[in-house]
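Hi,

Here is the structure I said I would pass on. Have a look at it first, and then read my notes below.

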Amino acid sequence: MSIPGITEDEIANYLAHTPGFFERHAELLASVELANPHGARAVSLQQRQMEMLRERIRGLERRIMDMIRHGQENAGLGDRLHQWTRNLMLCGDARDLPDVLVLDLQEQFLVPEVALRLWDLRAEFSREVFAGPVSEEVRHFASSLNLPYCGANASFEPVQWLGNSTTMTSLAMVPLRRGPSAPAFGLLVLGSPDPTRYTADMGTEFLVRVGELASAALTRLLPPVD
């Protein structure tokens, strides 16, 4: 029932700015009944406030648990990235770097398939497996990537570098370059049979870091900068 000349907003505003109202009229807290959103029975205002408070607490608890879980996942990811970087730095022979990079990346981050191709290397590395043939189209594609590519396997040429290429349904392709504006000198390919592992709408911050660290390590295989 509405009171002529007084709106619900005015009543709500009055109660919000008159904290002593329910102290002076405590009996109203027990007599006012509201519909229970979880059933057909009516509940008192106090009971409804308690239910709303419990729901809010449960929501906060869920958010806290999510924050704890994400924090633990991020800490674990950071530890694995640290170990991978450390192994790259400890690699004494530059010729072994690509194998260390690929195998440790697979092991640390549980990536089903990883492949690496490099070009424009120093002459002594030109016959290595990681310096295998790469078409000009792929080289241009790698240089055009401002961010890693993530998405479905659309029969890209680099998929053929993976061991089980026919079972890979999602891919991440990470360009390798000396600096942000430099042309690519390589391409790191991560493949998975899980179509949801690498998707077009996923964040690429972690893959960007992987590409930067891999690029820095692999510059040992490149000719010196003029």
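First, a word on labels: helices (H or I, at least four residues) and strands (E, at least two) are DSSP runs, numbered from the N terminus. Please keep in mind that this is a predicted model, where local features need pLDDT of at least 70 and side-chain atom pairs count only at pLDDT 80 or more, while totals for chains, interfaces and linings use all residues. Residues are numbered from 1 along each chain as its sequence is written, and side-chain values use heavy atoms, with hydrogens and water left out.

Now the overall layout. The chain has 7 helices and 6 strands, and from the N terminus on they run α-α-α-β-β-α-α-β-α-β-β-β-α. Of its 226 residues, 35% are buried (buried means under 20% relative accessible area, exposed over 50%, partly exposed in between, with a 1.4 Å probe and protein chains only). The chain exposes about 14,500 Å², and carbon and sulfur atoms supply 56% of that; the areas come from the Shrake-Rupley method with a 1.4 Å probe, and for residues only the protein chains shown count as cover. Taking contacts (heavy atoms within 4.5 Å) between residues at least 6 apart in sequence, 56% join residues at least 24 apart.

Next, the inside. A nonpolar core here is a set of buried Ala, Val, Leu, Ile, Met, Phe, Trp, Tyr and Cys residues joined through side-chain atoms within 4.5 Å. The largest one has 32 residues, and Trp 84, Leu 118, Leu 188, Leu 190 and Leu 218 touch the most other members. At least two residues of this core come from each of helix H4 (45-90), H5, strand E3 (113-118), strand E5 (170-177), E6 and H7. There is also a second, separate core of 15 residues, including Ala 142, Leu 145, Leu 162 and Met 173. Back to Trp 84: leaving aside neighbours within four places in sequence, Trp 84 is in contact with Leu 101, Asp 104, Leu 105, Gln 108, Phe 109, Val 210, Leu 213 and Ala 214.

Then the aromatic rings. Rings of Phe, Tyr and Trp (its six-membered ring) pair if their centres lie within 6.5 Å; planes under 30 degrees apart count as stacked, over 60 as edge-to-face and the rest as tilted. The structure holds 3 such pairs. One of them joins Phe 109 and Phe 206, edge-to-face at 5.2 Å centre to centre with 65° between the planes. That pair links distant parts of the chain, 97 residues apart: Phe 109 sits in helix H5 (residues 97-109) and Phe 206 in helix H7 (residues 205-218). Phe 109 counts as buried because its relative accessibility is 11%, while Phe 206, at 28%, is partly exposed.

Another pair is Tyr 149 with Phe 156: their ring centres are 5.2 Å apart and their planes at 70°, so this one is edge-to-face too. Tyr 149 is partly exposed at 22%, and Phe 156 is partly exposed at 22%. Together with Phe 141, these two form one aromatic cluster.

Not counting residues up to four places away in sequence, Phe 206 touches Leu 77, Leu 81 and Phe 109. Phe 206 and Gly 78 are 128 residues apart in sequence, yet 9.9 Å apart in space, C-alpha to C-alpha. And where does Thr 204 lie? In the loop between strand E6 (184-192) and H7. Thr 204 is buried, with a relative accessible area of 16%, and touches Leu 147, Pro 148 and Cys 150, again not counting residues up to four places away.

Cheers
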